Amino acid sequence: YQKLFLKAKAEIAQPKGFFCDGELGLLKLLKEQYPVVPTQLCVFHKYSRVGQIACFVHPKSDLDREIKRRVEKVLFAPTRDKAIVALSELMQYANDRPKNKKLKQVIGVLKRNFELLLTHYDNPEMSPYNNVLEGFNYLIKRRTRLMKGFKKPLNIARWLKLLIMDWRFHTLTESEFKNRRG
């Protein structure tokens with residue numbers, strides 16, 4: 001991350017915020033380089049991680065259903081305070097079942113960098129999800145995979161600018177919301 005960041009730092013200027021999926025090396029670097037810039041962890045990534053511990057897609061037990069309900073109450077709370085209260089309630093639920101390893105793991109995942117899951121409450125311009133960024137990264141990966149390599153660094157920059165311009169001005173047609181379709 002250090003090498004990548006040194007190359008990108010000149011292009012970043014003064015960032016308004018960062019989004020990430022919880023990669024510890026990246027979080028450490030952002031905290032060192034931009035201590036006052038807000039960082040938002042992707043709520044969906046955290047939800048997916050907890051879903052690996054307690055089955056969320058097809059819950060196999062009442063416990064999994066209850067964990068899912070309580071985790072959703074934490075991660076998708078309408079306010080910061082309600083998220084904190086929901087986490088406390090989940091922790092109390094886990095304390096009432098001290099022998100359950102699954103609950104301990106879920107609590108551990110949620111507590112790790114929990115404050116970074118709440119950034120969007122204090123910064124309303126930030127989304128709790130990084131889906132747009134993930135979609136953009138997918139598009140860039142798919143299109144650059146076609147290239148077998150660049151002989152000149154200038155060509156890389158031109159190609160990426162072209163992709164970004166194409167993505168930025170493309171018409172949105174896939175949205176389920178009519179007002180977002182172009």
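A: What follows is a walk around helix H3 and the elements beside it.

Start with the setting. This is a predicted model. The protein chain has 10 helices and 2 strands. From the N terminus on, the order is α-β-α-β-α-α-α-α-α-α-α-α. The chain holds 182 residues, and 30% of them count as buried. Take contacts between residues at least 6 apart in sequence: 55% of these join residues at least 24 apart.

Now the helix itself. H3 covers residues 43-53. Which of its residues are buried? They are Val-43, Lys-46, Tyr-47, Val-50 and Ile-53. Look down the axis of H3. The buried residues fall within an arc of 105 degrees, so they line one face of the helix. An α-helix has 3.6 residues a turn, so residues three or four places apart point the same way.

What does that buried set pack against? The partners are strand S2 (39-41), helix H4 (62-75), H6, helix H7 (114-117) and H8. Three of these partners deserve a visit.

Go to H6 first. Two packed helices are described by the angle between their axes and the distance between the axes. H6 spans residues 101-111. The axes of H3 and H6 come within 9 Å and cross at roughly 165 degrees. Angles over 145 degrees count as roughly antiparallel, so H3 and H6 are roughly antiparallel to each other. The crossing of H3 past H6 is right-handed. On the H3 side, Lys-46, Arg-49, Val-50 and Ile-53 make the contact. On the H6 side, the residues are Lys-102, Gln-105, Val-106, Val-109 and Leu-110. Sorted by class, the residues of this contact are 5 nonpolar, 1 polar and 3 charged. Lys-46, Val-50 and Ile-53 also belong to the buried set of H3.

H6 has another partner, helix H5 (residues 80-95). Here the packing angle is about 155 degrees, and the axes are 10 Å apart. That makes H5 roughly antiparallel to H6. H5 passes H6 in a left-handed crossing. From H5 come Leu-87, Leu-90, Met-91, Tyr-93 and Ala-94. They meet Leu-103, Val-106, Ile-107, Leu-110 and Lys-111 in H6. This contact has 9 nonpolar, no polar and 1 charged residues.

Next comes H8, which covers residues 119-122. His-120 is found in this helix. Is His-120 buried or exposed? Its relative accessibility is 12%, so His-120 counts as buried. Set aside its neighbours within four places in sequence. Then His-120 is in contact with Gln-40, Val-43, Met-126, Ser-127 and Pro-128. Val-43 is one of the buried residues of H3.

The last stop is H4, where Asp-64 is found. Asp-64 has 3% relative accessibility, so this residue counts as buried. Not counting residues up to four places away in sequence, Asp-64 touches Ala-54, Cys-55, Phe-56, Pro-59 and Lys-102.

For contrast, look at helix H1 (residues 2-12). Of its 11 residues, the number buried is 1, so H1 lies largely in the open. Ala-13 follows H1, and its phi is positive, near 60 degrees.

Terms used. Residues are numbered from 1 along each chain as its sequence is written. This is a predicted model: local features need pLDDT of at least 70, side-chain atom pairs count only at pLDDT 80 or more; totals for chains, interfaces and linings use all residues. Side-chain values use heavy atoms; hydrogens and water are left out. Buried means under 20% relative accessible area, exposed over 50%, partly exposed in between (1.4 Å probe, protein chains only). Helices (H or I, at least four residues) and strands (E, at least two) are DSSP runs, numbered from the N terminus. Axes are lines fitted to C-alpha atoms, for helices over the stretch in contact, and angles run from 0 to 180 degrees between N-to-C directions. Angles under 35 degrees count as roughly parallel, over 145 as roughly antiparallel, 65 to 115 as roughly perpendicular and the rest as oblique. A crossing is left-handed if the near helix is turned anticlockwise from the far one by less than a right angle, and right-handed if clockwise. Contact means heavy atoms within 4.5 Å. Ala, Val, Leu, Ile, Met, Phe, Trp, Tyr, Cys and Pro count as nonpolar, Asp, Glu, Lys and Arg as charged, and the others, Gly among them, as polar. The arc is that of the directions from the helix axis to the C-beta atoms.
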